[in-house]
Amino acid sequence: MSVIVRDDGFHAEDWAGPVVEIAADTAPDVLVAVAQSGALLRVGFANFGDGRGFTLARRLRAQGFAGRLRAAGPLVADQYAMARRSGFDEVEIPDAIAVRQPEPQWIARANWRENTYQQRLRG
Amino acid sequence: MAAYNLAGRRDNKYKARLKITVFEGGLEAFRDAVEAEFARTRAAFSGVDQALLAEIEAAFAPPALPLRDAGAYHAAWAADADFRAFATQNVVAHKVPGYGIVTVSLKAHGATPGDATAAQMRKLADLADAYSAGELRISHEQNVILPHVALADLPALHRALAAAGLGTANAGLISDIIACPGMDYCALATARSIPVAQELATHFKALGLEQEIGQIKIKISGCINACGHHHVGHIGILGLDRAGVENYQITLGGDATERAAIGEKTGPGFAYDEIVPAIERILRAYLALRQAPEETFIETFRRLGAAPFKAALYDEGARDAA
């Protein structure tokens with residue numbers, strides 16, 4: 001099973017609608033089609049060292065995707081802020097990660113809007 | 001970053017490097033991907049970054065360096081041999097008249113190259129405030145640079161440095177060696193570096209040949225990752241592991257300046273206790289071969305090539321005697 005992490009902490013799965021799975025190696029051009037869908041887009045992370053999903057999320061948002069966007073995989077709590085900044089609404093982590101890094105460690109990075117150098121440069 | 005993030009190798013972490021991606025996919029393809037990403041990203045920037053850049057530039061404005069009377073400098077030059085040695089060896093001209101750029105050597109003979117104690121670092125910070133417009137830089141030579149020192153202040157600065165054990169007048173000389181941490185500290189290393197540097201420094205000081213040999217760059221790396229940049233040292237020393245035993249390979253003729261050159265391997269390496277005598281053979285050959293004391297080691301090497309140095313290095317008689 002897995003745990004959904006949002007800014008206010010851990011949640012159980014609460015999405016009942018359609019889900020489109022997006023693998024980390026999806027070519028960005030393919031995203032144009034799904035960007036218009038009303039489904040939850042679930043971007044897979046094979047491991048925390050594979051950051052392709054962050055770039056895919058940024059692309060999806062740039063292409064106008066306004067629906068729910070989820071990062072799914074064994075990310076670590078320190079990456080939560082970066083996932084949010086890239087455009088993800090939430091992170092889905094395996095139970096084992098939730099045990100190793102309990103809720104407070106993720107909530108500690110809920111301040112992802114602060115101290116973002118990219119935002120500072122963009123204006 | 002975004003372009004590389006998508007294109008970089010994920011199957012082999014040793015190949016997860018930008019240079020590999022460019023090599024495999026071609027420069028053109030990667031450049032196109034970066035340009036496309038840039039075009040996409042650009043719209044998100046409002047232009048405030050230019051204002052931030054201007055703010056940063058203002059912080060790097062050159063300091064005011066008023067003309068000062070250099071009487072104290074000339075008096076110390078006439079009276080104090082230690083000061084003369086320091087001013088000759090460790091100070092180079094500044095573009096502003098009456099000022100100098102001072103190298104504070106962290107290469108006291110026999111000490112660990114590039115090391116400074118906490119007290120020395122605090123002292124350096126105070127001296128930078130007092131004598132160098134609050135500026136201090138760390139050089140790749142593992143020394144500290146005070147970039148804006150009035151010659152009028154140089155005697156006082158020299159006294160303060162000497163009192164703190166920082167007055168070694170050897171910038172650019174044979175004891176000013178770049179060495180990586182080596183096997184004493186580094187998990188990657190295959191051989192020790194620091195003790196080799198220490199022994200070279202003390203050995204040539206004891207021989208009294210340091211000034212005689214003059215400007216030379218010896219660089220030591222304790223493994224092939226080459227943190228000591230041995231390959232661009234006039235004399236490079238690379239410490240390897242040969243069946244559990246340290247073995248030091250020598251390269252000659254490397255140059256890290258605008259005349260960049262990779263040093264040439266001389267041949268078989270040397271054991272830990274053979275490396276200092278081996279370097280001495282090379283340098284004695286240099287002293288015998290140079291046309292004049294003004295001709296530096298690297299100039300002699302460029303004129304003659306590696307052959308005469310190799311001959312001296314692998315001279316069996318000399319090796320047995322050592």
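Me: Two strands pair if DSSP finds at least two bridges between them; helices (H or I, at least four residues) and strands (E, at least two) are DSSP runs numbered from the N terminus. Which residue of S5(A) stands opposite Gly44(A)?

Reply: This is a predicted model, where local features need pLDDT of at least 70 and side-chain atom pairs count only at pLDDT 80 or more, while totals for chains, interfaces and linings use all residues. Residues are numbered from 1 along each chain as its sequence is written, chains are lettered from A and ligands numbered from 1 in the order in which they are written, and side-chain values use heavy atoms, without hydrogens and water. S4(A) and strand S5 (residues 69–72) of chain A run parallel and share 4 bridges. Within S5(A), the residue opposite Gly44(A) is Ala72(A).

Me: What is the bridge partner of Ile22(A) in S4(A)?

Reply: Strand S3 (residues 19–22) of chain A also runs parallel to strand S4 (residues 40–44) of chain A, with 4 bridges between them. Val19(A) faces Leu40(A) of S4(A). For Ile22(A), the bridge partner in S4(A) is Val43(A).

Me: Which strands are at the edges of the chain B sheet?

Reply: Chain B has an open sheet of 4 strands, paired antiparallel in the order S1-S2-S4-S3. A strand at the edge pairs on one side only, and in chain B the edge strands are S1 and strand S3 (137–138).

Me: At about what angle does H8 of chain B run to S4(B)?

Reply: S2(B) and strand S4 (residues 144–150) of chain B run antiparallel and are joined by 5 bridges. Helix H7 (residues 118–131) of chain B packs on this sheet, touching S2 and S4 of chain B, and its direction makes about 25° with that of S4(B). Here contact means heavy atoms within 4.5 Å, and angles run from 0 to 180 degrees between N-to-C directions, with axes fitted to C-alpha atoms, for helices over the stretch in contact. Helix H8 (residues 154–163) of chain B lies across S1, S2 and S4 of chain B, and its angle to S4(B) is about 150°.

Me: How many charged residues are in the contact of H5(B) with H6(B)?

Reply: Helix H5 (residues 71–79) and helix H6 (residues 81–90) of chain B pack at about 115°, with axes 6 Å apart. Tyr73(B) and Trp77(B) are among the H5(B) residues in this contact, and Phe83(B) and Arg84(B) are among those of H6(B). Ala, Val, Leu, Ile, Met, Phe, Trp, Tyr, Cys and Pro count as nonpolar, Asp, Glu, Lys and Arg as charged, and the others, Gly among them, as polar. The contact has 8 nonpolar residues and 1 polar residue, and its charged residues number 1.

Me: Why does the largest cavity lie between two domains, and which are they?

Reply: On a 1 Å grid over the protein atoms alone, a cavity is a set of points where a 1.4 Å probe fits but cannot get out, a pocket is an open set with protein on both sides within 12 Å along at least five of seven lines, and lining residues have an atom within 4 Å of a point. The largest cavity holds about 50 Å³ (grid points are joined across faces, edges and corners, and a volume is the space filled by probe spheres set on the points). Its lining includes Lys107(B), Pro113(B), Ser175(B) and Gln198(B), and divides into 6 nonpolar, 3 polar and 1 charged residues. The cavity lies between the two domains because both give residues to its lining: domain 2 (71–163) and domain 3 (178–321) of chain B.

Me: How many residues of domain 3 of chain B are in the contact with domain 2 of chain B?

Reply: Chain B is assigned domain 1 (2–59), domain 2 (71–163) and domain 3 (178–321), with bounds from an automatic or database domain assignment. Over C-alpha atoms, the centres of domain 2 and domain 3 of chain B are 27 Å apart. Domain 2 of chain B gives 10 residues to the contact, and the number from domain 3 of chain B is 13.

Me: How many charged residues line the largest pocket?

Reply: The largest pocket has about 1200 Å³ of space. Of its 31 lining residues, those closest to its centre are Arg58(A), Gln118(A), Arg122(A), Met1(B) and Ala2(B). The lining has 13 nonpolar and 8 polar residues, and its charged residues number 10.
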